[in-house]
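This briefing concerns one predicted model. Please view the sequence and the structure together before reading the points below.

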Amino acid sequence: MGPDKNLLERWRTTELLLLGGSAGSFKLLFQMVKLLPADLGKTVIIVIHRKRNFFSEIAKLFAENSRMSLREIEDKDVLEKNTIYIAPANYHTLIEKGRYFSLDVSEAVWYSKPSIDVTFESAAEVYKDRCMAILLSGANQDGAEGMLKLKNSGAVTIAQHPEDAEMDEMPASAINNGAAGYILRTDEIFKLLHTQ
């Protein structure tokens with residue numbers, strides 16, 4: 001079964017797609033990056049927990065397999081359509097009202113920097129109901145509070161079905177606190193992202 005009609009309509013009018021994940025989400029995010037078309041007409045931000053002070057090839061690997069323009073976020077970058085942005089390690093990524101990024105060096109949230117909560121909360125203030133967030137596999141509760149703020153601002157919020165998640169704590173936390181407007185199986189998420 002695919003995503004419902006209302007969800008498909010919201011996807012078509014979404015300006016910003018947020019993808020959050022931690023342990024167990026890398027493979028899924030990689031598949032999503034490969035799937036998204038070059039002319040998606042949306043801005044995509046990926047926030048994935050990365051080891052502190054650990055040099056990562058994530059952005060390079062994703063860029064080599066993406067049809068969209070893809071880059072790691074730098075401070076003051078302006079958000080552009082048809083671009084995938086990856087939150088850098090050792091910073092929190094915020095979206096400012098002028099639709100540009102700011103990188104913050106404050107303390108880790110849920111032992112993580114970047115924190116999914118921080119990015120989701122700032123997106124809620126700027127994009128409100130023009131935003132969609134998907135929370136994937138992870139081994140802590142990061143993202144649940146940010147997703148609740150997004151939902152309350154009118155955004156579409158989706159949690160990966162915990163049974164499909166390699167580590168279910170992250171999506172389950174969003175479901176348990178009422179932040180998930182939709183709970184989708186992995187194949188339903190891919191069907192949604194493949195719809196234009």
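Helices (H or I, at least four residues) and strands (E, at least two) are DSSP runs, numbered from the N terminus. Residues are numbered from 1 along each chain as its sequence is written. In this predicted model, local features need pLDDT of at least 70, side-chain atom pairs count only at pLDDT 80 or more, and totals for chains, interfaces and linings use all residues, while side-chain values use heavy atoms, with hydrogens and water left out.

**Asp-117**
- Helix α4 (residues 116–127) contains Asp-117.
- Asp-117 is buried (under 20% relative accessible area, 1.4 Å probe, protein chains only).
- No salt bridge is formed by Asp-117 (a side-chain nitrogen of Lys or Arg within 4 Å of a carboxyl oxygen of Asp or Glu); Lys-149, the nearest side chain of opposite charge, is 10 Å away.
- The backbone nitrogen of Gly-146 is reached by the Asp-117 side chain at 2.7 Å.

**Helix α1**
- Leu-7, Leu-8 and Trp-11 are the buried residues of α1 (residues 5–13).
- These residues fall within an arc of 100° seen down the axis of α1, so they line one face of the helix (the arc is that of the directions from the helix axis to the C-beta atoms).
- At the start of α1, the backbone nitrogen of Asn-6 lies within 3.2 Å of a side-chain oxygen of Asp-4.

**Strand β8**
- Five of the five residues of β8 are buried, so the strand is largely enclosed by the rest of the structure.
- Val-156, Ile-158 and Gln-160 point one way from β8, and Thr-157 and Ala-159 the other way.
- β7 and β8 pair in the parallel sense over four bridges (pairing requires at least two DSSP bridges).

Key
Buried < 20%, exposed > 50% of the residue type's maximum accessible area, 1.4 Å probe, protein only. Lys, Arg positive; Asp, Glu negative; His and termini not counted. Polar contact = N/O pair within 3.5 Å; in protein donor to acceptor, adjacent residues only side chain to side chain.
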